[in-house]
Amino acid sequence: MTSFGISPQLSVWRTLLALAVVFVMLATTGWTAQHTHRESTALRSSLSAWVRDSVHGRPLPDPARTAPAKLARFFGSLTPYDRHDLATRYPLAVGNMNGAPVSLRYEANRVALERERDVESRRVHDNRLSTAGQQDAVRRMHRYEALMRPERHILAFDPEGSGRIAEVFGDLRRAQRISVVVPGVDTDLLTFEKSYRPYSAPVGMAKSLYSAERQAAPSTRTAVIAWADYTAPAGLGVDAATAMRAVDGAVRLNALLRALPGRAEVSMFCHSYGSVVCGVAAPAMPRRVSDIAVAASPGMRAASAAHLNRTARVWAMRDATDWVQDVPYLEVGGLGHGADPVSRAFGARVLSSRDARGHAGYFQPGTDSLRNLAEVGVGAYGSVTCARGDEACRAGVPDAPAAGRA
């Protein structure tokens, strides 16, 4: 169950202690107030080469200046051979291009992964690298090999730095309901999937949610995206205490949402710092986003649910064993992420998270938290369980599972 009974005196001391820790971190590590996002060297090079090329005398459209719908029409006008040729010649550009057909992005990213796998394979035997460098090459090579498997559908891939990636479970093009999982700190290519504690990583979260949604509504075609296509903060340092990474991530997230195929309703599932990303992105999310659900949130950079999005329902959950309840729910000079999403004053629909067990347990199979998230994902709002033992979180929502708009 969610814990709400914290004394005012204890809250004050927790806030003062947390702020003291933050300011010590700032004093000892330094804080660069201006962070800018740049595309990776490889991706930037691929895009630059793309815009200089043409197909049968027609210039290739500039993705930075062309709406996803227009890009989709461009690809639709090409022959299958021409599409395949472009995906092979410019795999990073096509694989990350919002507006390119989903199946073509999968194909392009498989090509890009294969090329990066070959690069890492050569690095493994490069005597100029340190032992640590060679071990990192081995880990990346194995990760790329796993992501290249035919059954995997990689929607975005950028190898630069710690890496960015997104993967789809289900048929995204034919889905009646689409769910997007946005993870938090310490998310990158190497932590995208884990064999130990798998449901604490984006792939495990998305697969678990996809399975639970299919169980909740077997007749509804669903798709779930594990979206780690932003540069997440590394650890609980200064980046995690500010919105700088979230601002960059929100731009990328909304670009994805505006380019999703079809007309299916979209539900957001945002964990930990991922809820900060979703909070920053929320005001500009397209109207097809019907639900924003957050778990283990340190705040959403908003004073209330009403300030996030005018049309989407906002849901929140926090387990009583989750340490995030001890963070200061305020924002001072850019530090902290604002109001507590499970507080009554915030106004979100607060869901039960019974059996979640800690900060990373919300997507664990068999938990009340996962079942509730899946019910939201398929639109079965009348079946969710509220945190406070009442029916407040279900007020004013449909009782029957939504079939979506296919």
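# Briefing: disulfides, cores and covered elements

C278 has a relative accessibility of 0%, so it counts as buried. The structure shown is a predicted model.

**Disulfides**

- The count comes to two disulfides.
- C270 is buried at 2% relative accessible area, because buried means under 20%.
- A disulfide also links C386 and C393, with sulfur atoms 2.0 Å apart.
- Here the torsion about the S-S bond is about -90°, so the C386 and C393 disulfide is left-handed.
- C386 has a relative accessible area of 5% and is buried. C393, at 2%, counts as buried.
- How do the bonded cysteines pair when numbered in sequence order? The pattern is 1-2, 3-4.

**Helix α11**

- Helix α11 spans residues 273–281 and is mostly covered. Eight of its nine residues are buried.
- An α-helix has 3.6 residues a turn, so residues three or four places apart point the same way.

**Strands β3 and β4**

- Strand β3 covers residues 153–158, and five of its six residues are buried. This strand is therefore largely enclosed by the rest of the structure.
- β3 pairs with strand β4 (residues 164–170) through five bridges. The two strands run antiparallel.
- F157 stands opposite I165 in β4.
- The hairpin of β3 and β4 has five residues between the strands. In this hairpin, G161 takes a positive phi near 60°.
- In a regular strand the side chains alternate between the two faces of the sheet.

**Nonpolar cores**

- The largest nonpolar core has 49 residues.
- Which members touch the most other members? They are L172, V180, V182, I225, L253, M268 and I292.
- Leaving out residues up to four places away in sequence, L172 touches V102, Y106, L155, I178, A223, I225, L260 and P261.
- A second, separate core has 44 residues, including Y144, A212, A296 and V384.

- Most residues other than glycine have a negative phi. Two cases here go the other way.
- H56 is not a glycine, yet it has a positive phi of about 55°.
- H56 sits in the loop between β1 (54–55) and β2 (58–59).
- Is H56 buried or exposed? H56 is exposed, with a relative accessible area of 68%.
- D186 is not a glycine either, and its phi is positive at about 60°.
- D186 lies in the loop between β5 and α8 (202–216).
- D186 counts as partly exposed, at 43% relative accessibility, because that class lies between 20% and 50%.

Definitions and conventions. Residues numbered from 1 in each chain as written. Predicted model: local features only at pLDDT ≥ 70, side-chain atom pairs only at ≥ 80, totals over all residues. Heavy atoms only, no water. Disulfide = S-S within 2.5 Å. Buried < 20%, exposed > 50% of the residue type's maximum accessible area, 1.4 Å probe, protein only. Helix = DSSP H or I, 4+ residues; strand = E, 2+ residues; numbered from the N terminus. Pairing = 2+ DSSP bridges. Core = buried A, V, L, I, M, F, W, Y, C linked by side-chain atoms within 4.5 Å. Contact = heavy atoms within 4.5 Å.
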